[in-house]
Amino acid sequence: MTDAPPPGPHVRPLLGAYVLSALAPDEDSRVAAHLQACDACGAAYLEVAEAPSLLALSSEEELLGDEEP
């Protein structure tokens, strides 16, 4: 990563869809390229990168708050 962010908009709004592999291929490639060059977005990505794995550990009831204590 570099000190100067790459030209163009940051990709933070797309990170959730990116980690869930829910972006179109061209958008996915743009986000990946941006993450390699932007420290700020790269740090934000690291914060959400494990979310899919963590969500897989929970049941639907737990996620919705419907589980009895």
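Q: Where in the protein is Ser21 placed, and why does Ser21 count as exposed or buried?
A: Ser21 sits in the loop between α1 and α2, where helices are DSSP runs of H or I with at least four residues, strands are runs of E with at least two, and both are numbered from the N terminus. The model is predicted: local features need pLDDT of at least 70, side-chain atom pairs count only at pLDDT 80 or more, and totals for chains, interfaces and linings use all residues. With a 1.4 Å probe and protein chains only, buried means under 20% relative accessible area, exposed means over 50%, and partly exposed is in between. The relative accessibility of Ser21 is 64%, so Ser21 counts as exposed.

Q: What makes the phi of Ser21 worth a remark?
A: Ser21 has a positive phi of about 55 degrees, although it is not a glycine. Most residues other than glycine have a negative phi.

Q: Which other residue of that loop is described here, and how do you know whether it is buried or exposed?
A: Leu23 is also found in the loop between α1 and α2, and its relative accessible area is 18%, so it counts as buried. Leaving aside neighbours within four places in sequence, Leu23 is in contact (heavy atoms within 4.5 Å) with Leu14, Ala17, Tyr18, Asp28 and Val31.

Q: How many helices and strands does the protein have?
A: The protein has five helices and zero strands, and along the sequence they follow the pattern α-α-α-α-α. Of its 69 residues, 19% count as buried.

Q: How do you know that the buried residues of α3 lie on the same side of the helix?
A: In helix α3, residues 39–48, the buried residues are Cys41, Gly42 and Ala44. The directions from the helix axis to the C-beta atoms cover an arc of only 160 degrees, which puts these residues on the same side of α3. What covers them includes α1 (15–19) and α2 (25–37), whereas the face turned away from the buried side carries the exposed residues Leu46 and Glu47.

Q: Why is the aromatic pair of Tyr18 and Tyr45 called edge-to-face?
A: Rings of Phe, Tyr and Trp (its six-membered ring) pair if their centres lie within 6.5 Å, and planes under 30 degrees apart count as stacked, over 60 as edge-to-face and the rest as tilted. A search of the whole structure finds one aromatic pair. Its ring centres are 5.8 Å apart and its planes meet at 70 degrees, so the pair is edge-to-face. The pair links distant parts of the chain, with Tyr18 in helix α1 and Tyr45 in helix α3, 27 residues apart.

Q: Why do Tyr18 and Tyr45 fall into the accessibility classes they do?
A: Tyr18 has 17% relative accessibility and so counts as buried, whereas Tyr45 has 26% and so counts as partly exposed. Not counting residues up to four places away in sequence, Tyr45 touches Leu15, Tyr18, Val19 and Leu35.

Q: What makes the contact between Arg30 and Glu27 a salt bridge?
A: A salt bridge is a side-chain nitrogen of Lys or Arg within 4 Å of a carboxyl oxygen of Asp or Glu. The closest N and O atoms of Arg30 and Glu27 are 3.0 Å apart, and the structure holds one salt bridge. Arg30 and Glu27 are three residues apart in helix α2, so they are separated by about one helical turn. Arg30 is partly exposed at 35%, and Glu27 counts as partly exposed at 28%.

Terms used: Residues are numbered from 1 along each chain as its sequence is written. Side-chain values use heavy atoms; hydrogens and water are left out.
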